[in-house]
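This report describes the fold, packing and selected residues of one protein chain. Please look over the sequence and the structure before reading on.

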Amino acid sequence: MTQPHRTLHRLIGWDTMQAILTDFYRRLKSDDRLAPFFAHATDIDAVATRIARFWWHDLGGAPRIAGEVFNPHAVHRHFGVTPESVDAWLEVFASTLRDHLPDDTAAIWLARAAKFADWTRVEVTRQVPEHR
């Protein structure tokens with residue numbers, strides 16, 4: 001089974017990926033629907049760098065830093081993310097990718113992001129038992 005997203009890191013390069021994610025997180029902070037989720041983020045560029053490392057690995061780049069854990073599906077539930085906010089996230093992500101990348105490259109990355117969005121929508125609507 002071919003996974004075209006696994007070679008995107010070579011097409012995009014680290015510096016471009018970092019620039020895309022920095023722009024994306026700045027857009028999120030200014031989007032009325034999504035800004036409240038980032039009100040606590042005092043260093044949005046550090047957030048962008050962490051998520052750039054996640055995407056770098058997911059898109060076929062070098063392995064993650066030892067001990068660094070990413071669970072994008074489950075962690076968002078703890079932030080109060082809703083399926084509607086996932087839709088807004090994907091909309092802003094799509095716009096950002098299209099502004100920075102050729103259409104074919106953006107489409108591959110966006111297809112991968114859409115899968116994460118699908119998984120996240122499921123996760124944020126799951127009922128989780130309370131710890132006692």
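Leaving aside neighbours within four places in sequence, which residues is Y25 in contact with? The model examined here is a predicted one. In it, Y25 is in contact with F38, I44, V47, A48 and I51.

## Overall composition

The chain has six helices and zero strands. Read from the N terminus, the order of elements is α-α-α-α-α-α.

Of its 132 residues, 41% count as buried. Taking contacts between residues at least 6 apart in sequence, 73% join residues that are at least 24 apart.

In soluble globular proteins, nonpolar side chains tend to be buried together. The largest nonpolar core here holds 35 residues, and the members that touch the most others are L21, Y25, W55, F93 and W109. Two or more residues of this core come from each of α1 (8-12), α2 (14-30), α3 (44-58), α5 (83-100) and α6 (103-125).

## Helix α2

Helix α2 has 17 residues, and its first and last C-alpha atoms are 24 Å apart, close to the 24 Å expected at 1.5 Å a residue. The buried residues in α2 are M17, Q18, I20, L21, T22, F24, Y25 and L28. These buried residues pack against α1, α3, α5 and α6. Two of the residues on the α2 list, L21 and Y25, are also among the core members with the most contacts to other members.

Does the end-to-end distance of α3 agree or disagree with its residue count? With 15 residues at 1.5 Å a residue, α3 should span 21 Å, and its end C-alpha atoms are 21 Å apart, so the two agree. Buried positions in α3 are I44, A48, I51, A52, F54, W55, W56 and D58. After α3 comes G60, whose phi is positive, near 100 degrees.

Two packed helices are described by the angle between their axes and the distance between the axes. The axes of α3 and α6 come within 12 Å and cross at roughly 110 degrees. An angle of 65 to 115 degrees counts as roughly perpendicular, and α3 and α6 are therefore roughly perpendicular to each other. On the α3 side the contact uses F54, W55 and D58, and on the α6 side W109, R112, A113 and F116.

## Helices α5 and α6

The axes of α5 and α6 come within 10 Å, with a crossing angle of roughly 170 degrees. Angles over 145 degrees count as roughly antiparallel, and this pair is therefore roughly antiparallel.

From α5, the residues that meet α6 are P83, V86, D87, W89, L90, F93, A94, L97 and R98. Their counterparts in α6 are A106, W109, L110, A113, A114, A117, T120, R121, V124 and T125. W109 and A113 are also part of the contact between α6 and α3.

Is S85 buried or exposed? S85 lies in helix α5 and counts as buried because its relative accessibility is 8%, under the 20% cut-off. Not counting residues up to four places away in sequence, S85 touches L34 and F37.

G80 is in the loop between α4 (72-75) and α5. With a relative accessible area of 45%, G80 is partly exposed. The C-alpha atom of G80 is 8.2 Å from that of F37, although the two residues are 43 residues apart along the chain.

Technical notes
Residues are numbered from 1 along each chain as its sequence is written. This is a predicted model: local features need pLDDT of at least 70, side-chain atom pairs count only at pLDDT 80 or more; totals for chains, interfaces and linings use all residues. Side-chain values use heavy atoms; hydrogens and water are left out. A nonpolar core is a set of buried Ala, Val, Leu, Ile, Met, Phe, Trp, Tyr and Cys residues joined through side-chain atoms within 4.5 Å. Buried means under 20% relative accessible area, exposed over 50%, partly exposed in between (1.4 Å probe, protein chains only). Helices (H or I, at least four residues) and strands (E, at least two) are DSSP runs, numbered from the N terminus. Contact means heavy atoms within 4.5 Å. The expected span of a helix is 1.5 Å times one less than its number of residues. Axes are lines fitted to C-alpha atoms, for helices over the stretch in contact, and angles run from 0 to 180 degrees between N-to-C directions. Angles under 35 degrees count as roughly parallel, over 145 as roughly antiparallel, 65 to 115 as roughly perpendicular and the rest as oblique.
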